[in-house]
Amino acid sequence: MTTTTAPAAETAATKPLPRQPWNRHLLAIAVLTVLLIPLPLILPPAQASVAVRVLIFALMSIGWNMMSGFGGMFSFGHAAYFGIGAYAGGYLLVEHDVSPWIGMLVGMAVAAAFATLIGFLALRYKLRGAYFALATFAFAEMLRLWATNSEFVNRAVGYHVPLRPESSWWWLQFEPSSANYFWIALGLTVIALVVSVQFVRSRAGQFAKAARDDEDAAAAVGIPVMRYKLLTMALSAAITAVAGAFYVQYFLFIDPDLAFGSSVSIQAILPAVIGGVATIWGPVIGAVVMGPLNDVTATILRNPPPALEFLQGRGGLDVIVYGVLLIIIVLLLPQGIYGALRKRWSRR
Amino acid sequence: MTLLRVENLAKSFKGLRAVDDVSFEVTEGSILGVIGPNGAGKTTMFNLVAGALRPDTGRVHLGGKEITGHAPHRITAAGMTRTFQLMRPFYSMTVLENVTVAVLAGGAAKRTAREAAAEVIARVGLDRWRDSPTEGLPTAALKRLELARALASKPRVLLLDEVLAGLVPAERAPVMELLERLRTEDGVTLVFVEHIMAAVMRLSDSVLVLDLGRVLTSGAPEAVTRDPRVIEAYLGEDPHAQA
Ligand SMILES: Nc1ncnc2c1ncn2[C@@H]1O[C@H](COP(=O)(O)OP(=O)(O)OP(=O)(O)O)[C@@H](O)[C@H]1O
Ligand SMILES: [Mg+2]
């Protein structure tokens with residue numbers, strides 16, 4: 001394509017291409033990482049553990065956002081991948097004495113494989129929107145039931161991570177208040193963020209976005225839509241699996257509900273929705289809101305104030321709080337916190 | 001040389017024969033105009049040829065190779081691309097990003113894709129809107145975007161579904177010029193569905209007339225538009241009147 005009418009060619013040559021935001025995102029990630037490193041040394045232990053919780057939420061939701069935000073395939077079953085990550089780590093460590101780092105890699109691979117399989121079936125039978133979401137939910141529930149009833153993974157008991165006499169990076173175990181947990185979670189989250197920036201700017205990420213916007217038009221310009229959707233799902237599942245694998249090592253315990261329960265799926269969705277779906281920073285910002293909230297609801301359930309005594313020992317409060325939060329966000333900030341801020345900035 | 005050959009193509013939707021035994025050939029470097037009243041099956045025929053729909057029967061050959069029932073992205077890779085009658089931009093992207101994705105899908109290196117896309121955009125006269133989001137673009141710009149995105153994959157055969165519809169006459173002339181230049185300068189073979197008869201008369205080497213899913217007639221533009229059956233199919237209106 002060389003020939004153009006003279007005036008058009010001139011403007012094309014003189015008008016520089018717009019700058020792309022990717023390097024700015026990477027720079028922001030780097031700066032934030034450096035700023036956050038001293039955090040666990042400053043915070044009191046209780047707050048430091050909330051900070052770790054924030055990072056776990058962020059990881060889960062960065063994964064969810066890749067498939068459901070950038071890829072546009074709404075998952076209501078990311079507990080499946082979180083749980084696979086958690087159980088792969090727990091099973092390999094407890095039954096076979098394998099390092100949690102290797103368990104994490106295995107969990108990522110298994111989660112990616114499962115996501116590809118489920119994705120293939122769902123896309124093959126052309127499930128869309130609510131039907132697609134229901135299929136992902138059903139799959140997570142299947143895994144939950146399987147884990148609850150299978151001797152292979154200890155049925156409803158799940159796994160307790162055995163305590164070791166000494167701290168160890170290889171076994172990912174430290175003093176309960178050790179700053180190392182925070183730093184590891186931070187490192188994993190930063191890697192996930194960088195991966196999501198690199199994904200969105202990549203050929204694969206651009207194709208996934210195009211397929212989300214209009215599948216037929218994407219196919220018409222030559223994009224193998226199915227292949228890139230499956231790739232997006234696999235990557236998404238692998239990231240959420242990392243969160244699960246880390247979770248087990250941090251809380252030293254996993255059971256079918258904690259791994260595959262539907263509130264886990266909601267925890268993967270909410271940070272991105274609060275912060276901004278299909279944005280790089282949305283899941284992180286949302287997780288900063290969710291982490292403390294999760295802590296508050298857990299405390300209330302454990303030690304309810306007199307007026308709420310009937311809640312003592314009951315579960316489900318967190319889900320109610322999430323639901324209310326979701327309604328508020330959808331009504332007030334349909335594009336999430338980051339989406340709303342970005343709109344305001346660009347208007348100026 | 002015949003570049004695109006369509007044989008006995010048929011497609012029914014729940015008993016409605018939208019495309020019924022349609023055959024035609026397109027010579028490399030030529031322009032075929034496709035006309036026919038609303039609902040004649042023109043868009044459905046494009047969907048069958050471009051792989052968006054699977055035909056019930058019939059075959060499609062591109063450059064001597066059979067491509068019947070291939071997935072649309074494979075047909076694009078094989079050198080044939082289509083535009084959509086109802087414009088279908090990637091709504092979350094700017095014009096430049098829309099075309100860049102198409103350039104990338106054609107296999108271009110990431111480093112050069114944006115420049116290549118900017119060139120295509122300049123060529124279709126979309127420069128003014130290059131960095132705008134597609135949301136809220138005027139119809140004329142969206143039609144050109146359809147064209148730019150299709151051109152980005154450097155097709156040998158371009159299937160255009162009413163790229164002039166919705167444009168005011170002043171906007172049509174440059175697009176028609178562009179289509180002519182695509183043929184003369186780039187050697188692109190064009191098949192275009194159009195209701196605007198002035199464009200059909202000016203651009204087409206030959207014209208295919210569809211009615212109720214069937215080929216009513218085909219041939220040189222002057223002969224076809226004088227055919228009484230064609231005039232009849234347009235409900236007695238003189239098809240020239242629409243230009
Ligand atoms: N997906 C579909 N399902 C059912 N019927 C369809 C479908 N697509 C097209 N049709 C029907 O097939 C017939 C041909 O439609 P088509 O869109 O191909 O016509 P067209 O010649 O492109 O018309 P226009 O000039 O209005 O664009 C119409 O009766 C239409 O209602
Ligand atoms: Mg049509």
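1. Let's start with burial in chain A: of its 348 residues, 52% count as buried. Here "buried" means under 20% relative accessible area, "exposed" means over 50%, and "partly exposed" is in between, using a 1.4 Å probe and protein chains only. Keep in mind that this is a predicted model, where local features need pLDDT of at least 70, side-chain atom pairs count only at pLDDT 80 or more, and totals for chains, interfaces and linings use all residues. On bookkeeping, residues are numbered from 1 along each chain as its sequence is written, chains are lettered from A and ligands numbered from 1 in the order in which they are written, and side-chain values use heavy atoms, with hydrogens and water left out.

2. What is chain A built from? It has 16 helices and two strands; these are DSSP runs numbered from the N terminus, with helices being H or I of at least four residues and strands being E of at least two. Its C-alpha trace spans about 75 × 45 × 45 Å along the principal axes.

3. Next, contacts and surface in chain A. A contact means heavy atoms within 4.5 Å. Among contacts with a separation of 6 or more, 77% are between residues 24 or more positions apart. The accessible surface comes to about 16200 Å², and 68% of that belongs to carbon and sulfur atoms; areas come from the Shrake-Rupley method with a 1.4 Å probe, and for residues only the protein chains shown count as cover.

4. Now the charges of chain A. There are 23 positive and 16 negative side chains, and the centres of the two sets lie 14 Å apart. Lys and Arg count as positive, Asp and Glu as negative, while His and the chain ends are not counted. Each charge is placed at NZ of Lys, CZ of Arg, CG of Asp or CD of Glu.

5. Have a look at helix α4 of chain A, residues 45–70, which holds A:S61. A:S61 is buried, with a relative accessible area of 0%. Which residues does A:S61 touch, leaving aside its neighbours within four places in sequence? They are A:A268, A:I269, A:P271, A:A272 and A:P283. The C-alpha atoms of A:S61 and A:I285 are separated by 10 Å, although the two residues are 224 apart along the chain.

6. A:R53 is buried, at 11% relative accessible area. Beyond its neighbours within four places in sequence, A:R53 is in contact with A:Y247, A:F251, A:Q267 and A:N294.

7. One backbone angle in chain A deserves a check: A:L252 is not a glycine, yet its phi is positive, about 60°. A:L252 is in the loop between α11 (225–251) and β2 (253–254), and is partly exposed at 24% relative accessible area.

8. Over to chain B, with nine helices and 10 strands. Its radius of gyration is 17 Å, close to the 18 Å from the globule rule for 243 residues, so chain B is as compact as a globular protein of that length. Its C-alpha trace spans about 50 × 40 × 35 Å along the principal axes, and 55% of the residues are buried. The mean positions of its 29 positive and 29 negative charges are 6 Å apart.

9. Where does the magnesium ion (ligand 2) find its protein donors? They are B:T43 (OG1) and B:Q85 (OE1), 1.9 to 2.1 Å from the ion. This pair links distant parts of the chain, 42 residues apart: B:T43 is in helix α1 (residues 42–50), and B:Q85 is in the loop between β6 (80–82) and α3 (95–105). Donors are N, O and S atoms within 2.8 Å of the metal (3.2 Å for Na, K and Ca); water is not among the atoms, so sites may look incomplete. B:T43 is partly exposed at 26% relative accessibility, and B:Q85 is partly exposed at 30%.

10. Helix α1(B) is largely enclosed by the rest of the structure, because eight of its nine residues are buried. Among them are B:K42, B:T44 and B:M45. The helix is followed by B:G51, whose phi is positive, near 90°.

Notes
The radius of gyration is taken over C-alpha atoms; the globule rule is 2.2 Å times the number of residues to the power 0.38.
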